[in-house]
Amino acid sequence: MGTIKTLNKWANAHTYLPLDLLRVALGVFLFIKGISFMADSTMLMELFKPIQNLAGGMIVIHYVAPVHFIGGILISFGLLTRWVVIAQLPILIGAIVINFAGEMNSSNLVLALITLLVCAFFLIYGSGKNSLDYYFKMQK
């Protein structure tokens with residue numbers, strides 16, 4: 001708990017508008033990806049073709065779209081950012097692994113790697129000063 005408080009103090013002292021805009025952009029990107037997966041479930045099934053025979057394959061498909069959709073909204077507003085990023089990490093790592101297990105698509109791989117790196121940054125940095133987390137913390 002002390003580590004999180006230390007990270008929050010550091011992030012609040014070093015908050016910058018471009019980082020907040022990056023957080024919002026990440027959230028909007030994940031939200032749009034969630035909508036895209038919900039709207040075109042056949043595309044999602046194609047992506048998961050390399051792991052369709054594994055146990056829990058259908059559960060994974062039903063996990064990805066809602067986590068991107070809801071997580072994107074929460075990250076955009078800066079609410080529970082670290083928890084949502086933790087929920088995103090298995091999806092992003094899976095996206096990278098699927099790229100190597102199935103047909104290699106370099107644009108999808110680069111997109112997944114960049115998103116993973118940005119999520120890892122916000123896992124450490126948190127949601128920043130211009131967020132609902134900070135607003136609710138100050139209401140105490």
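The bend at a residue is the angle between two axes, one fitted to the seven residues ending there and one to the seven starting there. Helices are DSSP runs (H or I, at least four residues), numbered from the N terminus. The model is predicted, so local features need pLDDT of at least 70 and side-chain atom pairs pLDDT 80 or more, while totals for chains, interfaces and linings use all residues. Residues are numbered from 1 along each chain as its sequence is written, and side-chain values use heavy atoms, without hydrogens and water.

Helix 5 covers residues 81-101. A kink of about 30 degrees lies in this helix at Gln88, shortly before the proline Pro90. The expected span of a helix is 1.5 Å times one less than its number of residues. For the 21 residues of helix 5 this gives 30 Å, and the end C-alpha atoms are 30 Å apart, which agrees. Gln88 is also among the buried residues of helix 5, as are Val84, Val85, Leu89 and Ile98. Buried means under 20% relative accessible area, with a 1.4 Å probe and protein chains only.

Helix 2 comprises 23 residues, 17-39. Asp20, Arg23, Leu26, Gly27, Leu30, Gly34 and Phe37 are buried in helix 2. Gly27 has a relative accessible area of 0%. The C-alpha atoms of Gly27 and Ser76 are separated by 4.4 Å, although the two residues are 49 apart along the chain.

A nonpolar core is a set of buried Ala, Val, Leu, Ile, Met, Phe, Trp, Tyr and Cys residues joined through side-chain atoms within 4.5 Å. The largest such core has 15 residues, of which Leu26, Ile75, Val85, Cys119 and Phe122 touch the most other members. Helix 2, helix 5 and helix 6 each supply at least two residues of this core. Its largest share, seven residues, comes from helix 6.

A pocket is an open set of points on a 1 Å grid over the protein atoms alone, where a 1.4 Å probe fits, with protein on both sides within 12 Å along at least five of seven lines; lining residues have an atom within 4 Å of a point. The largest pocket holds about 780 Å³ of space, a volume being the space filled by probe spheres set on the points. Its lining has 31 residues, and Phe37, Leu47, Gly94, Ala95 and Ile98 lie nearest its centre. Helix 5 gives the largest share of the lining, eight residues.

Methods: Buried < 20%, exposed > 50% of the residue type's maximum accessible area, 1.4 Å probe, protein only.
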